[in-house]
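User: I would like to see how the labels used for a structure follow from its values. Please go through some of them with me.

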Amino acid sequence: MAVGVMNIEEGAAPLPGKMTFQVFMCSIIAAFGGLMFGYDIGISGGVTSMDTFLIDFFPHVYEKKHRVHENNYCKFDDQLLQLFTSSLYLAGIFASFAASYLCRRFGRKPIIMAASIFFLLGAILNYLARDLGMLIGGRILLGCGIGFGNQTVPLFISEIAPARIRGGLNIAFQFLITIGILAASFVNFLTSTMNNGWRYSLGGAAVPALILLVGSFFIHETPASLIERGKDEEGKKVLRKIRGIDNIELEFDEIKRATEISNKVKSPFKELFTKRENRPPLVCGTLLQFFQQFTGINVVMFYAPVLFQTMGSGNNASLISTVVTNGVNALATVFAVIMVDRLGRRFFLVEGATQMMATQLSIGGLLLNYLHLVGPIKSHAVPLIVLILICIYVSGFAWSWGPLGWLIPSEIYQLEVRTTGYFCAVAMNMVCTFVIGQFFLSALCRFRSGLFFFFAVMNVIMGLFAIFFLPETRGVPIEEMAEQRWKKHWHWKKYFKQN
């Protein structure tokens, strides 16, 4: 649950407490799980466009890439090359399922620590890779780290953060994802001309893993997790530290009441899928992650260098374009951190969907008219215009569906189904990311610019979903979400027994 200044019931006086250095540091350290995730997203596309990497592992793709008369849209169409990117997310699905059970049984902190260890081992194996088997094996270990981290970190931050700034602190996770992506694009640019530069790019993933591993020794377990596992006195002690006050009894009682309900649930998955009251957050949390991936963002983040090379840019030019795009991504996320608890979640979701829809239509139109099947784009202005449009697109994602796709599912479930409900959201993210990572280059080959029109239509659908079906969660204590939001929503209220 979120702790801090929050109402036990709507209209009641807020619980005592203040934003403390302990909360800030625990949130930032945990958010380094996002740095791991972001680094991998950013590094994949750059590495798969490096000639040295392709020569070592995918020589047939290298040959196809440099054929003068090769179809522009099909240069990188190879299932094994796409498996290099997508295998991580397939492993992440199973890892997040395991983490949903383990973090309820053992707490959030040890699972965050385990995430960093898996990711570190995967980075080392990728650096040492001598064949495709070692390469994919390293990706699977990285996937276990991502699954554990993405399942646990947003929950950890939501449970430890004060309700009034829960959104801003939780978006630190997404902000560090963007920093990881930006750092990866710089690394790819620096290593692209080195002999075996891809090893340094892939091995660099060890850096964020080490930061999280060392930092995880200094964070506190969340009070909700401690009390849920019967460690009441330790939970009180942590509450006093993170609130900076001694009078924590009201908040402790609120957590205790929620954990008593939680501990009566023997099968969280059965509770989640059979109890009508859990259906609204289950549907919304899962669809948010589905829509997040079908904004088309991973098309840009995974394959931006490939996309720019498809348009005829050189390798260095394509990597520089990726650095610019990822810099915009990081800056726009800062705006979300500052404003999400002021303007609200739904405002950003609707605005972001509109902005992304317009830019996807524009990019699709330009590619349709200027990128022919064979040969580069003759106009030097078109790649620049596409770069500008991608930057506008990325900024729209970075302050809307990017961070809020993680934030909202972490704050809408009751404690008894929180880890299992959040697993469903994370699993949806991993499944969709796997599908896009595995099949985008093949889809680009077959549907060409039409693929961007498809994502534009998806952005219209998700904007309408946010308007009509998603309640505003800003500033609402997690344990009061059902009372204050779901029971009052025009559609979802029918799933609750009315008093």
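Predicted model: local features only at pLDDT ≥ 70, side-chain atom pairs only at ≥ 80, totals over all residues.

User: Why is E221 called buried?

Analyst: E221 has a relative accessible area of 9%. Buried means under 20%, so E221 is buried.

User: What makes R229 and E221 a salt bridge?

Analyst: The closest N and O atoms of R229 and E221 are 3.6 Å apart. The cut-off is within 4 Å, so the pair counts as a salt bridge.

User: How do you know that K236 and E249 form a salt bridge?

Analyst: Their closest N and O atoms are 3.9 Å apart, and the limit is within 4 Å. K236 lies in helix α11 and E249 in helix α12, so the pair ties together parts that are 13 residues apart in sequence.

User: Which of these two is buried and which is partly exposed?

Analyst: K236 is buried, at 14%, because buried means under 20%. E249, at 34%, is partly exposed.

User: Why does K275 count as partly exposed?

Analyst: Its relative accessibility is 33%, which lies between the limits of 20% and 50%. The side chain of K275 also meets that of E271 in a salt bridge, at 3.4 Å from N to O.

User: What gives the most to the lining of the largest pocket?

Analyst: Helix α12 does, with four residues. The lining has 21 residues, divided into eight nonpolar, two polar and eleven charged.

Definitions and conventions. Residues numbered from 1 in each chain as written. Heavy atoms only, no water. 1 Å grid on protein atoms, 1.4 Å probe; cavity = no way out; pocket = protein on both sides within 12 Å on 5 of 7 lines; lining within 4 Å. Helix = DSSP H or I, 4+ residues; strand = E, 2+ residues; numbered from the N terminus. Nonpolar A, V, L, I, M, F, W, Y, C, P; charged D, E, K, R; others polar. Buried < 20%, exposed > 50% of the residue type's maximum accessible area, 1.4 Å probe, protein only.
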